[in-house]
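Hi,

Here is the structure for your files. Please open it alongside this note.

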Amino acid sequence: MNPDSCPICHSVDLRLVFDDVRDYITGNSFQVRRCNNCDIGFTYPYSQQMEPYYPPQYRRYRFPVSVLLRALYSLRAKSWSKLCGKPGTVLEIGCGDGVMLDTLRRLGWRVVGVERTAKMAWFACHKLGLPVFAGGTEAIVPKPHFDLIILFQVLEHISDPLNVLKQCATLLKPGGVLLVGMPNLDSWQALYSGPHWFHLDVPRHLFHFSPKSLENVLEMADLMLAHISFISFEHDPYGWVQSTLNRIGAGSRGQANALTRRLMGLDQFAWKDLTMVLVGALMLIPSLLLSLLSWARGSGAIMVATAFREPEDKTR
């Protein structure tokens, strides 16, 4: 990845957004740069070896957080099923533990999943019995198979998001729907938190999207943006809590995402964490109110776009 040009549109008109963002797992420092042409943000430097940044506990939250997230993901999948009208064939890229695919299967959908590694796909395959491929979309024949494709909290992790969206366009049936969700770099939460924003998640988040840049990259992939929703009970309120704790340095020696590290099991809770936990608890209601206000103003921390494939005879 050339740090002096945009990885998406190759413009050299860039600006530095954040100079020193710390990875909360390794402690390594990264920059976030942003293109003035297509508006995409990207993490620099780009690491060819990402395994150290994805420990086994990453996104493997403890009880009761895991149960709550599963319930909310299931509700989201049900709402998406209603959006599409009737069950069809669905592909989820980056399906994780398979919660949403399992919900859609129960609703009558024919499901297929893709995960980065066989290890990450193990639970979905062996515990839920879902058909999940390890690797990328290259394992799927490039024909219009799917009525629905889901990329939820995934595109920002991919080294070539434009190519993946182009592949999605070839895999969608006429009238098929693409749902793509990621953090919103122009959200109130991001503006408030700056380099302490929980959802920056460098270097795992290689790209950082705004509504404008998301629309731009969808258009480059011959996909038409229909709507962007900013409602996320799963991730937005908690983002306010953890980002604020980061800003005030609440945690062990001011460690970034200290509460998240404990909820994932990277660290153990101790008595010295009591203040951090109490502050986080006191912020729950204000965080929910801030989330509701930001959703109403189209500035939520998480955005989910609904897009369709461009017609074959589109005038260029």
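First, the ground rules. This is a predicted model: local features need pLDDT of at least 70, side-chain atom pairs count only at pLDDT 80 or more, and totals for chains, interfaces and linings use all residues. Numbering starts from 1 along each chain as its sequence is written, and side-chain values use heavy atoms, without hydrogens and water.

Helix pair H1 and H2. H1 covers residues 65-84 and H2 covers residues 99-106. (Helices are DSSP runs of H or I, at least four residues; strands are E runs of at least two; both are numbered from the N terminus.) The two pack at about 45°, axes 8 Å apart. Axes are lines fitted to C-alpha atoms over the stretch in contact, and angles run from 0 to 180 degrees between N-to-C directions.

Helix pair H7 and H9. H7 (236-248) and H9 (274-282) pack at about 135°, with axes 10 Å apart. They too are oblique. Val 241, Leu 245 and Ile 248 of H7 meet Met 276, Val 279 and Gly 280 of H9.

Loop residue Pro 55. Pro 55 lies between strand E3 (41-44) and H1. Its relative accessibility is 16%, so Pro 55 counts as buried (under 20% relative accessible area, 1.4 Å probe, protein chains only; exposed is over 50%, partly exposed in between). Beyond neighbours within four places in sequence, Pro 55 contacts Ile 25 and Leu 266. Pro 55 and Ile 25 are 30 residues apart in sequence, yet 8.3 Å apart C-alpha to C-alpha.

Best wishes

Technical notes:
Parallel < 35°, antiparallel > 145°, perpendicular 65-115°, else oblique. Contact = heavy atoms within 4.5 Å.
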